[in-house]
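Dear colleague,

I am passing on a structure for you to look at, and below it you will find some notes on what was found in it. Please keep the model open while you read.

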Amino acid sequence: MEAPEGGAGPINVADYERLASEVLDPGAHGYFAGGAGDERTLRENVAAFARWRLRPRVLVDVAEVDTRTTVLGEPVAMPILVAPVAFQRLAHPDGEAGMARAAAGAGTVMCVSTLATARPGEVAAAAPDARLWFQLYCFRDRGVTRALLSEAVEAGFRAVALTVDAPRPGRRERDLRSGFQLPADVGVPSIAEATGAQGPISVADVLGLVDPALSWADLEALVSDSSLPVLVKGVMTAEDAVLAADRGAAGVIVSNHGGRQLDGVAATVDAVGEVAEAVGDRVEVLMDGGVRRGTDVVTALALGARAVLVGRPALWGLAVAGTDGARRVLGLLRDELELALALCGCPAPELVSRAHVQRA
């Protein structure tokens, strides 16, 4: 959905968020929008960006600003990737395939959730130009884990993002109040096949398969066995970032699961700096959580992130207008980023430094 001439229609992420709330079923909207507990961390992820101020430099040649960069050595059109979001067919019939096409159109990476409503191979086939990562939950039955990874590798996925902050599901009270359940026609086919489940598989069923005893030794084994680079998603401290680097991870994703796991933890923008400082150039540092503007991306880059991932913003676009809506949101963020880089005196993302941001 392109914004009509004259500025009418959705022109930023907040507009798409509002429109998505109007078109989504209330239970599905609550599932996507909600967080854990009192939702303090959910709110903080967004609000924390207001505690940082950009420090623009002037009289820099910004006649040409290029948002392109690399992540894990691969080129992307911008340091904005698509975060894993479960059950995307709840938002729109285009689902994960549509989101992958949107990411491909935007020249960036999509990280496909373990809880996708399409199999990894189906997503890859629907968007052959997309660069895909696979978000992995490690299951008690390692055979299920290996089956999921094998399918992703065979389908041409480029990296694995191991989620480590969900040994148990967070208490998401919006879902408890609404009694949210997956519709009968929305399932997780790759997990159903790997487990031999008959009929639909629920959110609780899937999360009940996750191994709560996952350890650093398991990460080391995954890195050793995987033909793909492994990122550790859910790191919030310098100590854990160093441990991930020590065990061979290619990168860490500073994430609090979008405020959906442990309520009361720091906003990710307030944690990314210590992580980046601790690991230096040993691993790439990415961040998700609360990014709603191109200026937020610049703040994250200044604090040491190589790139950010956006989940809900792209999902709101998908809900409003399918593939076109998700692509439009990614395009809006890229345009905002390009302007923010220019006004900060940075013709490229790599030129953003710690000197470009300060505490409010």
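Predicted model: local features only at pLDDT ≥ 70, side-chain atom pairs only at ≥ 80, totals over all residues.

Residues are numbered from 1 along each chain as its sequence is written, and side-chain values use heavy atoms, with hydrogens and water left out.

In the largest nonpolar core there are 107 residues, of which Phe-32, Phe-87, Leu-132 and Met-287 touch the most other members; such a core is a set of buried Ala, Val, Leu, Ile, Met, Phe, Trp, Tyr and Cys residues joined through side-chain atoms within 4.5 Å. The helix α14 gives the most to this core, with 15 residues, helices being DSSP runs of H or I with at least four residues, and strands being runs of E with at least two, numbered from the N terminus. A second, separate core has 14 residues, including Cys-111, Ile-253, Ala-307 and Leu-309.

Thr-299 lies in helix α13, which covers residues 294-302, and Thr-299 counts as buried because its relative accessibility is 4%, where buried means under 20% relative accessible area, exposed over 50% and partly exposed in between, with a 1.4 Å probe and protein chains only. Not counting residues up to four places away in sequence, Thr-299 touches Phe-49, Trp-52, Leu-54, Val-269 and Val-357, contact meaning heavy atoms within 4.5 Å.

The residues that line the largest cavity divide into 16 nonpolar, nine polar and six charged; Ala, Val, Leu, Ile, Met, Phe, Trp, Tyr, Cys and Pro count as nonpolar, Asp, Glu, Lys and Arg as charged, and the others, Gly among them, as polar.

Best wishes
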